[in-house]
Amino acid sequence: MEQIILFLKSNRFANRVFMDVAALREACWAGWQWLTDQPDVITKTTQRSWTVAPLC
């Protein structure tokens, strides 16, 4: 989850100023929707080589 949050902060929320909490909430919702429409980004962002079990 931490990688997803860092990815969103770097790619969707960087260098932005939000006028109020409602604008921040809307940006979070839009960012989450954008990310869920791209499952390959989620896979690449969270993939770690040590999580793959070696073949026996």
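Start with the cartoon view: you'll find 3 helices and 0 strands in the protein chain. Follow the chain from the N terminus and the order reads α-α-α. Keep in mind that this is a predicted model.

The chain exposes about 4800 Å², and carbon and sulfur atoms supply 61% of that. Of its 56 residues, 16% are buried.

**Stop one: helix α1**

Select residues 2–11, which is α1. Which residues of α1 are buried? Color Ile-4, Phe-7 and Leu-8 to see them. They sit on the same side of α1, because they cover an arc of only 95° around the axis.

**Stop two: the core**

Select Ile-4, Phe-7, Leu-8, Phe-13, Ala-27, Leu-35 and Val-41 and show their side chains. Together these 7 residues are the largest nonpolar core. Both α1 and α2 supply at least two residues of this core, and α1 gives the most, with 3 residues.

Zoom in on Phe-13, one of the core residues. Leaving aside residues up to four places away in sequence, Phe-13 touches Leu-8, Phe-18, Ala-27 and Cys-28.

**Stop three: the loop**

Move on to Asn-15, in the loop between α1 and α2. Is Asn-15 buried or exposed? Asn-15 counts as exposed, because its relative accessible area is 85% and the cut-off for exposed is over 50%. Check the backbone here too: phi of Asn-15 is near 55°, a positive value in a residue other than glycine.

**Stop four: a patch on the outside**

Finally, select Met-1, Ile-5 and Trp-32. These residues form a nonpolar patch on the surface, with about 320 Å² of accessible area together. Trp-32 belongs to helix α2, which covers residues 21–36. With a relative accessible area of 37%, Trp-32 is partly exposed.

Definitions and conventions. Residues are numbered from 1 along each chain as its sequence is written. This is a predicted model: local features need pLDDT of at least 70, side-chain atom pairs count only at pLDDT 80 or more; totals for chains, interfaces and linings use all residues. Side-chain values use heavy atoms; hydrogens and water are left out. Helices (H or I, at least four residues) and strands (E, at least two) are DSSP runs, numbered from the N terminus. Buried means under 20% relative accessible area, exposed over 50%, partly exposed in between (1.4 Å probe, protein chains only). Accessible areas come from the Shrake-Rupley method with a 1.4 Å probe; for residues, only the protein chains shown count as cover. Patches are made of residues with over 30% relative accessible area and no salt bridge: like charges are joined within 9 Å, nonpolar side chains (Val, Leu, Ile, Met, Phe, Trp, Tyr) within 5 Å. A salt bridge is a side-chain nitrogen of Lys or Arg within 4 Å of a carboxyl oxygen of Asp or Glu. A nonpolar core is a set of buried Ala, Val, Leu, Ile, Met, Phe, Trp, Tyr and Cys residues joined through side-chain atoms within 4.5 Å. Contact means heavy atoms within 4.5 Å. The arc is that of the directions from the helix axis to the C-beta atoms.
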